[in-house]
Amino acid sequence: MHEEGWLAVLITNQSGIARGLLDEPTLARVHDRLEQCLAEGGARLDGIFYCPHHPEVGQAPYRRECTCRKPAPGLLLQAQQELDIDLGRSWMVGDAPRDIEAGRQAGVRGLLVETGKGRAALEGMTAAEREALPHAADVLEAVRWILASS
Ligand SMILES: [Zn+2]
């Protein structure tokens, strides 16, 4: 993606923080490890944006309604501001309908991957919905498809 001038940005709900399952320093270590694994494969992320909140579970300050928890588009808009992203030329790749919806609300086209929760999400759609939503077996196939069709 980088060779062709694209950015790669991670947008992730991490309500485990609100739920008390992990704290922000621990999440930072998870992200460090992820970036280390990517680097070993010659890849990198241009940014990681996460929502630590949950509207109904956990303690303040994490328990609250926010504009960054997908399907809200807040993290995409934050990434757009910080990294000067052209949202109209971007793709939101995710394994859940809320990922696609967050993209839609930010004016970003969506592509569902069949890994993670993606297979079940596709099976829950009507044939017309499946037809209308680009989907790919995994992230690598998604990237190849985006590069080939852009
Ligand atoms: Zn949030």
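Trainee: Which spacing do the donors of the zinc ion follow along the chain?

Mentor: The spacing is C-x1-H-x12-C-x1-C. Donors are N, O and S atoms within 2.8 Å of the metal (3.2 Å for Na, K and Ca), and water is not among the atoms, so sites may look incomplete. The protein donors here are Cys51 (SG), His53 (ND1), Cys66 (SG) and Cys68 (SG), at 2.1 to 2.3 Å from the zinc ion. This is a predicted model: local features need pLDDT of at least 70, side-chain atom pairs count only at pLDDT 80 or more, and totals for chains, interfaces and linings use all residues. Residues are numbered from 1 along each chain as its sequence is written, and side-chain values use heavy atoms, with hydrogens and water left out.

Trainee: What arrangement do the 4 donor atoms make around the zinc ion?

Mentor: Ideal angles are 109.5 degrees for four tetrahedral donors. Four donors count as tetrahedral if all angles lie between 85 and 135 degrees. Around the zinc ion the angles are 104 to 115°, so the arrangement is tetrahedral.

Trainee: Is His53 buried or exposed?

Mentor: Buried means under 20% relative accessible area, exposed over 50%, partly exposed in between (1.4 Å probe, protein chains only). His53 is buried, at 9% relative accessibility, and Cys68 is buried at 13%.

Trainee: Which peptide bond joins Lys70 and Pro71?

Mentor: A cis one, with omega about 20°. The bond from Ala60 to Pro61 is also cis, with omega near 5°.

Note on methods:
Four donors count as tetrahedral if all angles lie between 85 and 135 degrees; four count as square planar and six as octahedral if opposite donors are over 155 degrees apart and all others between 65 and 115; anything else is irregular.
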